[in-house]
Amino acid sequence: MSKKVTIIGGGLIGLSCAYYLQKEGNEVTVIERGDITSGTSFGNAGYVSPSHFTPLASPGIVAQGLRWMLSSTSPFYIKPRLNADLIRWMFAFWGKANRKTVEENIPPLNNILHLSRQLTSDMKNEFGNQFRMAEVGCFMLYKSAETEKHEMELAKEAAHLGIETKIFTGQQVQDMEPEVEVVTKGGVLYPIDCHLHPGDFMRTLKTHLQKVGVKLQLNTEVTGFEKNGSVVKSVITDKGKFDCDELVIASGSWLPVVTKQLGIHILLQAGKGYSITYENVEKNLHYPAILVDKRVAMTPMGKDLRMGGTMEISGINKNVLIKRAQAIYSGATSYYPNLNLAFPSVDKIWSGLRPLAPDGLPYIGRHSKYNNLILAGGHAMIGLSLCAATGKLVEEMIGNKPTSIDVSAFNVERYN
Ligand SMILES: Cc1cc2nc3c(=O)[nH]c(=O)nc-3n(C[C@H](O)[C@H](O)[C@H](O)COP(=O)(O)OP(=O)(O)OC[C@H]3O[C@@H](n4cnc5c(N)ncnc54)[C@H](O)[C@@H]3O)c2cc1C
């Protein structure tokens with residue numbers, strides 16, 4: 001039965017939900033404060049990566065994080081603030097950063113990553129490759145023996161999950177990158193990973209949704225809700241009221257801000273990251289690569305090259321700390337010394353906010369406080385990797401169908 005579904009948020013998650021919901025005949029409206037031309041879902045590294053099966057909150061991260069907090073160029077930083085939400089989030093994060101939780105969380109993460117990887121290929125087949133998707137895998141490159149050991153352990157874990165890896169020496173990596181010099185001890189390739197241009201992906205989705213009749217209510221800010229007992233009747237915005245049979249909140253790093261207006265508290269912090277994009281690079285990489293020692297992500301996107309990184313938990317702001325952006329650039333040039341690309345002016349450095357749940361799992365599911373409310377957020381550093389599966393799962397929930405995978409680990413009330 002067709003339903004009137006309103007989605008708050010026009011990022012990767014909101015648009016993917018709209019895509020699957022419209023496909024099944026629902027009447028869909030997306031309410032978005034911006035105009036779907038920029039934001040976190042546009043400037044990210046573009047990986048669709050089943051290799052990212054380990055959540056951010058993992059053993060060692062807390063001690064490492066504390067050490068890194070002393071450095072202005074470190075790749076992970078929590079700005080100390082007397083903020084009750086941050087303190088609650090940090091306690092939950094520390095509580096989850098242990099082997100037991102990681103072992104519990106890897107299987108559901110692995111399941112949703114694989115579902116999404118397949119669905120992303122299906123989208124490419126449906127739309128034609130309008131978003132520069134390349135299915136060549138992704139490298140984890142390392143310089144130190146310690147990082148190499150860590151990557152070998154991860155490769156073993158991957159094998160337990162049935163994920164193929166290929167291990168290469170530094171020379172072999174160099175042979176696979178004929179256009180640029182690569183300084184690395186070696187690398188692990190995850191052939192199942194793929195990458196694409198997230199801006200092109202977003203534009204493809206936006207154009208498609210407009211064409212098939214999804215109402216994109218842009219430049220419109222959600223300011224409240226009209227409720228009738230345990231039903232959200234309508235969404236109130238600065239441009240008027242929108243009625244709904246079902247409501248999906250997919251407002252990224254603003255998830256807690258929006259749910260608060262419904263009396264729902266969600267543990268989530270924004271994790272800021274930066275990227276720098278070079279267009280029409282003469283000699284480009286053939287493979288995307290995570291430079292593990294430096295925590296830098298390199299992605300060739302057709303003729304363009306993007307480098308990104310840094311995780312700054314410093315609230316909701318877009319400020320660029322130039323030293324951290326420089327650390328991304330110097331990390332990249334330490335692996336690829338002859339890239340011949342200059343460090344850009346600060347206005348060319350993009351920043352975006354990853355929505356971080358404390359345990360590294362997304363929130364996907366109904367909330368028991370209302371009969372017609374679904375939350376879809378907290379996708380952290382894998383929102384592109386998981387958007388297709390999230391959209392499909394949300395459509396299945398709204399259609400009262402069995403879900404493609406077990407979603408209990410993504411319970412939106414798991415911190416209550
Ligand atoms: C440097 C960097 C690199 C990354 N690399 C990758 C990668 O390689 N692979 C990967 O899978 N992921 C990656 N990510 C993560 C990914 O970009 C995010 O997980 C994803 O974009 C989150 O999508 P979203 O739709 O939840 O949020 P968003 O894209 O932030 O969308 C939420 C939308 O909600 C809107 N909104 C909020 N409040 C309101 C309101 N009150 N009214 C109306 N609208 C509202 C906002 O305007 C926004 O457009 C990276 C992120 C960063 C920062």
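Modeller: The account below starts with the rings and ends with the sheets.

This is a predicted model, in which local features need pLDDT of at least 70 and side-chain atom pairs count only at pLDDT 80 or more, while totals for chains, interfaces and linings use all residues. Residues are numbered from 1 along each chain as its sequence is written, and side-chain values use heavy atoms, with hydrogens and water left out.

A pair of aromatic rings is described by how far apart the centres are and by the angle of the planes. The rings of Phe, Tyr and Trp (its six-membered ring) pair if their centres lie within 6.5 Å; planes under 30 degrees apart are stacked, over 60 edge-to-face and the rest tilted. The count on this basis is nine aromatic pairs. One of them joins Phe131 and Phe201: the ring centres are 4.9 Å apart and the planes stand at 85°, so this pair is edge-to-face. Phe131 is in the loop between α4 (99-127) and β5 (138-142), and Phe201 is in helix α7 (residues 198-211), so the pair ties together parts 70 residues apart in sequence. Helices (H or I, at least four residues) and strands (E, at least two) are DSSP runs, numbered from the N terminus. Both Phe131 and Phe201 are buried, where buried means under 20% relative accessible area, exposed over 50% and partly exposed in between (1.4 Å probe, protein chains only).

Tyr329 and Phe343 form another pair, with centres 5.4 Å apart and planes at 65°, so it too is edge-to-face. Tyr329 belongs to helix α9 (residues 322-335) and Phe343 to the loop between α9 and β18 (350-356); the two are 14 residues apart, and the pair links distant parts of the chain. Tyr329 has 19% relative accessibility, so it counts as buried. Phe343, at 25%, counts as partly exposed. Elsewhere, ring pairs connect Tyr19, Tyr20 and Phe127 into a cluster.

Some rings also have a charge over them. A charge sits over a ring if NZ of Lys or CZ of Arg is within 6 Å of the ring centre and within 35 degrees of the ring normal. The charged end of Lys143 is over the ring of Tyr335, 4.5 Å from its centre. Arg324 lies over the face of Tyr77, with 4.3 Å to the ring centre.

Now the cysteines. A disulfide is taken as a pair of cysteine sulfur atoms within 2.5 Å, and the count is zero. For Cys17, which is in no disulfide, the nearest cysteine sulfur is that of Cys387, 9.2 Å away. Cys17 is buried, since its relative accessible area is 0%. Cys194 is in no disulfide either; its nearest cysteine sulfur, that of Cys138, is 9.9 Å away. At 2% relative accessibility Cys194 counts as buried.

Two other positions follow. Ala357 lies in the loop between β18 and β19 (363-366) and, at 6% relative accessibility, is buried. Setting aside residues up to four places away in sequence, Ala357 touches Trp89, Leu267, Tyr363, Gly378 and Arg414, contact meaning heavy atoms within 4.5 Å. Ser385 is part of helix α10 (residues 383-398) and is buried at 2% relative accessibility. Neighbours within four places in sequence aside, Ser385 is in contact with Tyr47, Val48, Ser49, Leu113 and Ser116.

Last, the strands. Two strands pair if DSSP finds at least two bridges between them. An open sheet of three strands runs in the order β10-β11-β12 with antiparallel pairing. Its edges are β10 (222-228) and β12 (240-243), each with a single partner strand, so one side of each has no neighbour in the sheet. β10 and β11 (residues 231-237) pair in the antiparallel sense over six bridges. Gly224 stands opposite Ile236 in β11, and Lys227 stands opposite Val232 in β11. The β10 and β11 hairpin has two residues between the strands, and Gly229 takes a positive phi near 60° there.

A second open sheet has six strands in the order β9-β2-β1-β13-β20-β19, with mixed pairing. β9 (215-217) and β19 are at the edges, each with a single partner strand, so one side of each is left without a neighbour in the sheet. Within this sheet, β13 (residues 246-249) and β20 (residues 373-377) pair in the parallel sense over three bridges, and Ile249 stands opposite Leu375 in β20.
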